[in-house]
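Please read them with the structure open.

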Amino acid sequence: ILLILPIEYKAIYHQIAAQSETLVNSGRIRNINELAVFSSRPLEYLVPSIDHPILGKFVYEFVRDRMLRTNLFEQTLYLGVIPVGLLLTGLMVLYRGKFDVDRRIYFVFFAFGALWMYFLSLPPTISIGRVSVPTVSYFAYAVAPMFRVYARFGILVMFFVACAGAVVLSQLHRSMKRTRYRLMVGLLLPVLIFEFWSIPPSYALLVNQPPEVYRWLAKEPGDIIVAEYPMVRNDEAAFYTYLFWQRLHKKKLVNGASPENMRAWEFFLKVQDLSNPETPALLKSVGVKYVIVHAKMYEEGPIPEPLKRYYPAGRSALTFNGGAVPAIPLSLAPHRGFGSDMVFSLEHVPLDK
């Protein structure tokens, strides 16, 4: 708190003193309906990742058809058979009064922590018949409405379960014969490694072979400004493609406005439609030199192709402008072409239109 408070005191004061409408527009008060969507479900703690090279083949269709709600980055909360097994073993040892005093308090602390974090990760209300019963997260939202994805408490569930499992292993190490303990660990460890053996198939990206358009842009002299289309919202997965390659070309981007900065957000909304005849002049008025149009991204939509399997079918099928590049205003002059990437110059765009 002492380290963070000098940096965050303005944000804390703003959260307390600002009008509710301002906080909503800046994302500091989330919609409680989002909390229901981005929360955990009990089954998510028991189903392995679809990226598991063996188990993933068996669970993928089930996850896609029965579980996939928002995206699997938030919903993959698998705790594992071994960690849960150790936790249950610890509860049995605790029930029988076999825990040493110095270990019992640690196990109780970690087991309770796992349970508490689990309750925090649940939806704000649970329906029992026709009655909606509020959960812990409902009351947490009343205190801290700026948080949206309560399923991320699943990370802390795993943390506490792992710590509780470590305490159980420590207790077993003390109470079991050395040979039997080593045999047990020798059997459990390969199973643990196997069940967490997740190798995502599309996470490898050759960063030493960037798209040709960005290699060209990196060589362009001067501190220029660029606008990339489609003009993706900064909360969509496709947007981060622009930021990733900005590390290479190091040019300023018009892209990336947030509703928290109303002036930038209003400008973003004005220039979002490239087919609007007024867009080129608006871009030039803020110093933009080039417009880069990525035809392939219009087809892919807000979810890049390698990530579509992690999203519901309806969302992963979305495209920009029906998958087609919008009509380019005549004032934009073609400058360069790099496969499906096209570069347009604003050099001859009049500012009075």
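How much space lies in the second largest pocket?

1. About 270 Å³ of space lies in the second largest pocket. The structure is a predicted model, and this volume was computed from it.

2. The second largest pocket has 14 lining residues. Those nearest its centre are L79, L87, Y118, V157 and V161. Two or more residues of the lining come from each of helix 6 (81–95), helix 7 (101–121) and helix 9 (153–175).

3. By class, the lining of the second largest pocket has 14 nonpolar residues, with no polar and no charged ones. Tyr is counted as nonpolar in this scheme.

4. The largest pocket has a volume of about 1600 Å³. Its lining is made up of 49 residues, and D235, E236, A237, A238 and Y240 lie nearest the centre. The elements that give two or more residues to this lining are helix 5 (72–75), helix 12 (239–249) and helix 15 (295–300).

5. Helix 4 spans residues 55–67, and G56, V59, V63 and M67 are buried in it. In an α-helix, residues three or four places apart point the same way, because there are 3.6 residues a turn.

Note on methods
Residues numbered from 1 in each chain as written. Predicted model: local features only at pLDDT ≥ 70, side-chain atom pairs only at ≥ 80, totals over all residues. Heavy atoms only, no water. Buried < 20%, exposed > 50% of the residue type's maximum accessible area, 1.4 Å probe, protein only. Helix = DSSP H or I, 4+ residues; strand = E, 2+ residues; numbered from the N terminus. Contact = heavy atoms within 4.5 Å. 1 Å grid on protein atoms, 1.4 Å probe; cavity = no way out; pocket = protein on both sides within 12 Å on 5 of 7 lines; lining within 4 Å. Points joined across faces, edges and corners; volume = space filled by probe spheres on them.
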